[in-house]
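Let's take a walk through a protein chain together. Keep the picture turning as you read, and look for each part as it comes up.

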Amino acid sequence: MTLHPSIAAVRLPVRHALSVLAPGDVVAVACSGGADSLALASATVFEGHKRALRVVGVTVDHGLQPGSGAQAERVVAQLAAMGVDETLTARVQVDTAAGTGPEAAAREARYAVLEQVAEHLSARAVLLGHTLDDQAETVLLGLARGSGGRSLQGMRRGFGVFVRPLLDVRRDDTVTACRVEGLDAWDDPHNHDPGYTRVRVRERVLPVLESELGPGVAAALARTADQLREDTALLDDLASAALERVRRDLGLDAGILAAEPPAIRHRVVHRAVLDAGAPASELTRDHVLSVDALLTRWRGQKWIDLPGPLRAVRRDGTLAFERP
């Protein structure tokens with residue numbers, strides 16, 4: 001019997017992701033019960049067991065909605081029915097007062113517990129169900145916020161123990177794959193709440209772009225992310241080398257750093273400020289450009305105030321970062 005195209009679309013990248021693992025290795029799949037992660041879990045069981053891998057299904061209960069515990073139990077039952085070797089449920093405490101927004105706070109809590117699960121299981125990989133559509137939304141959000149190349153490169157295909165096999169797979173394929181396999185996917189109400197910016201991008205902005213510019217906008221945005229990721233990786237490597245060249249006991253050599261191209265110089269400044277203790281969430285491009293002025297438009301300025309709190313000071317040809 002011919003394999004349904006949507007099931008094949010999900011299984012193929014999962015097979016590729018698992019190809020680096022050895023028989024007996026543990027792979028964990030993060031599953032919320034939505035179509036993306038449910039299709040991912042099913043494909044991982046199918047492909048993983050062919051490679052004699054131990055597949056563990058993990059569901060994280062954020063406790064943000066009524067009945068979240070019951071939904072977690074439902075997901076565990078689905079994972080067990082599809083044949084995972086073990087199931088784990090973790091309940092996390094989401095700090096909604098952290099000032100980063102509920103989505104970011106939930107994501108931070110989720111990744112933290114998944115890292116703990118991976119360590120507990122000695123898992124070689126934790127698979128995440130983000131799709132091409134998620135990538136397109138991320139790139140579009142970064143573009144709208146003017147966040148620069150690092151944000152426009154979207155989500156990484158892998159980092160640490162985490163792997164995203166489905167970044168080239170459309171969300172429609174995961175939904176169809178679940179239907180063909182008889183998997184009852186959960187439709188999270190938060191995915192339709194217009195109070196979330198990402199939901200408005202998904203349900204309003206991207207459909208308009210597809211309608212007005214023609215089909216393929218989401219795929220084009222995802223391709224852009226891949227291209228920018230390659231460029232960013234090269235620039236980051238060049239910036240690392242430049243940082244080592246200009247590093248001195250008391251700071252950075254202002255004269256040598258000033259001669260670097262802006263793309264490298266700004267990265268060096270950004271990294272140096274973070275290394276000095278500035279919170280990444282508070283450091284903006286305006287801060288970086290203000291510090292850069294101490295290098296390229298030096299006229300005896302006293303200092304630049306930075307989050308931390310820190311001060312950037314140019315003294316005797318050295319750019320230093322100090323606590324006020």
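## A glycine to start with

Gly149 counts as partly exposed, because its relative accessibility is 29% and partly exposed covers the range between under 20% for buried and over 50% for exposed. You'll find Gly149 in helix α6, which runs over residues 149–152. Now look for Ser122: it sits 27 residues from Gly149 along the chain, and the C-alpha atoms of the two are separated by 34 Å.

## The whole chain

Before going further, keep in mind that this is a predicted model. The chain has 12 helices and 11 strands. Its C-alpha atoms fill a box of roughly 75 × 50 × 40 Å, taken along the principal axes.

How much of the chain is buried? Of the 324 residues, 46% are buried. There's also a story in the contacts: among those with a separation of 6 or more, 69% are between residues 24 or more positions apart.

The largest nonpolar core has 28 residues. Val10, Leu18, Val27, Leu79 and Met82 are the ones with the most contacts inside it.

## Val10 and the α1–α7 crossing

Let's zoom in on Val10. Leaving out residues up to four places away in sequence, Val10 touches Ala39, Leu40, Ala43, Leu166, Val169, Asp173, Thr174 and Ala177. Asp173, Thr174 and Ala177 turn up again in the meeting of α1 with α7. On the α1 side of that meeting are Ser6, Ile7, Ala9, Val10 and Arg11, while α7 brings Asp173, Thr174, Thr176, Ala177, Val180 and Glu181.

Two packed helices are described by the angle between their axes and the distance between the axes. Here α1 and α7 pack at about 115 degrees, and their axes are 8 Å apart. That makes α1 roughly perpendicular to α7. The crossing of α1 past α7 is left-handed.

## Another crossing: α5 and α8

Helix α8 covers residues 197–213, and its axis comes within 10 Å of the axis of α5, crossing at roughly 95 degrees. Are these two helices roughly parallel or roughly perpendicular? They're roughly perpendicular to each other, because angles from 65 to 115 degrees count that way.

Who makes the contact? From α5 come Asp134, Ala136, Glu137, Thr138, Leu140, Leu141 and Arg145. From α8 come Thr197, Arg198, Val201, Arg202, Val205, Leu206 and Leu209.

## Charged pairs

Side chains of opposite charge can pair when their charged atoms come close. In this chain the count comes to 22 salt bridges. One of them joins Arg171 and Glu137, whose closest N and O atoms are 3.2 Å apart. The pair links distant parts of the chain, with Arg171 in α7 and Glu137 in α5 (residues 132–145), 34 residues apart. Are these two partners buried or exposed? Arg171 counts as buried, at 18% relative accessibility, and Glu137 counts as buried too, at 1%. Arg171 and Glu137 also belong to a network of salt bridges that links them with Asp36, Asp134, Arg198 and Arg202.

Glu322 is partly exposed, with a relative accessible area of 29%, and Arg315 is partly exposed at 43%. Glu244 and Arg247 form a salt bridge as well, with 3.1 Å between the closest N and O atoms. Arg247 counts as partly exposed at 39% relative accessibility.

## A histidine to finish

Last stop: His266, which has its place in helix α11 (residues 262–275). Is His266 buried or exposed? His266 is buried, because its relative accessible area is 15% and the cut-off for buried is under 20%. What does His266 touch, leaving aside its neighbours within four places in sequence? Its contacts there are Arg285, Val288, Leu289 and Asp292.

Conventions: Residues are numbered from 1 along each chain as its sequence is written. This is a predicted model: local features need pLDDT of at least 70, side-chain atom pairs count only at pLDDT 80 or more; totals for chains, interfaces and linings use all residues. Side-chain values use heavy atoms; hydrogens and water are left out. A nonpolar core is a set of buried Ala, Val, Leu, Ile, Met, Phe, Trp, Tyr and Cys residues joined through side-chain atoms within 4.5 Å. Buried means under 20% relative accessible area, exposed over 50%, partly exposed in between (1.4 Å probe, protein chains only). Contact means heavy atoms within 4.5 Å. A salt bridge is a side-chain nitrogen of Lys or Arg within 4 Å of a carboxyl oxygen of Asp or Glu. Helices (H or I, at least four residues) and strands (E, at least two) are DSSP runs, numbered from the N terminus. Axes are lines fitted to C-alpha atoms, for helices over the stretch in contact, and angles run from 0 to 180 degrees between N-to-C directions. Angles under 35 degrees count as roughly parallel, over 145 as roughly antiparallel, 65 to 115 as roughly perpendicular and the rest as oblique. A crossing is left-handed if the near helix is turned anticlockwise from the far one by less than a right angle, and right-handed if clockwise.
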